[in-house]
Amino acid sequence: MAKIKGTVIIDEQRCKGCELCVVACPTDVLSLQAKEVNDRGYHFAYSAHPDNCIGCASCALVCPDACFTVYKITTSDNI
């Protein structure tokens, strides 16, 4: 049976910390950085639990600033 694995790349400097991506993520991959800010002074989104990503791209769809690039790969359980 094939498994779907995703990876999300976040442009942290473009992120304004609106948190729409965090709410939209069905697997709780994303969170806002609590202690760090980007060059614009915003607490930016980051992958808190990257292994949970399924590559659904919900984060990219809701992001008003196009900060996300999402990759999805299918892996086989047969080794």
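View 1. Val 62 counts as partly exposed because its relative accessibility is 34% (buried is under 20% relative accessible area, exposed over 50%, partly exposed in between, with a 1.4 Å probe and protein chains only). In this predicted model, local features need pLDDT of at least 70 and side-chain atom pairs count only at pLDDT 80 or more, while totals for chains, interfaces and linings use all residues. Residues are numbered from 1 along each chain as its sequence is written, and side-chain values use heavy atoms, without hydrogens and water. Val 62 belongs to helix H2 (residues 58-62); helices (H or I, at least four residues) and strands (E, at least two) are DSSP runs numbered from the N terminus. Together with Leu 20 and Leu 61, Val 62 makes a nonpolar surface patch of about 290 Å². Such patches take residues with over 30% relative accessible area and no salt bridge, nonpolar side chains being joined within 5 Å and like charges within 9 Å.

**View 2. The largest nonpolar core.** Among its 15 residues, Val 8, Cys 21, Leu 30, Cys 59 and Phe 68 touch the most other members. Strand S1 (2-10) and helix H1 (20-24) are the elements that give this core two or more residues. A nonpolar core joins buried Ala, Val, Leu, Ile, Met, Phe, Trp, Tyr and Cys residues through side-chain atoms within 4.5 Å.

**View 3. The salt bridge Lys 16–Asp 65****.** The closest N and O atoms of Lys 16 and Asp 65 are 3.7 Å apart, under a rule requiring a side-chain nitrogen of Lys or Arg within 4 Å of a carboxyl oxygen of Asp or Glu. Lys 16 lies in the loop between S1 and H1, and Asp 65 in the loop between H2 and strand S4 (68-76), 49 residues apart.

Technical notes
Accessible areas come from the Shrake-Rupley method with a 1.4 Å probe; for residues, only the protein chains shown count as cover.
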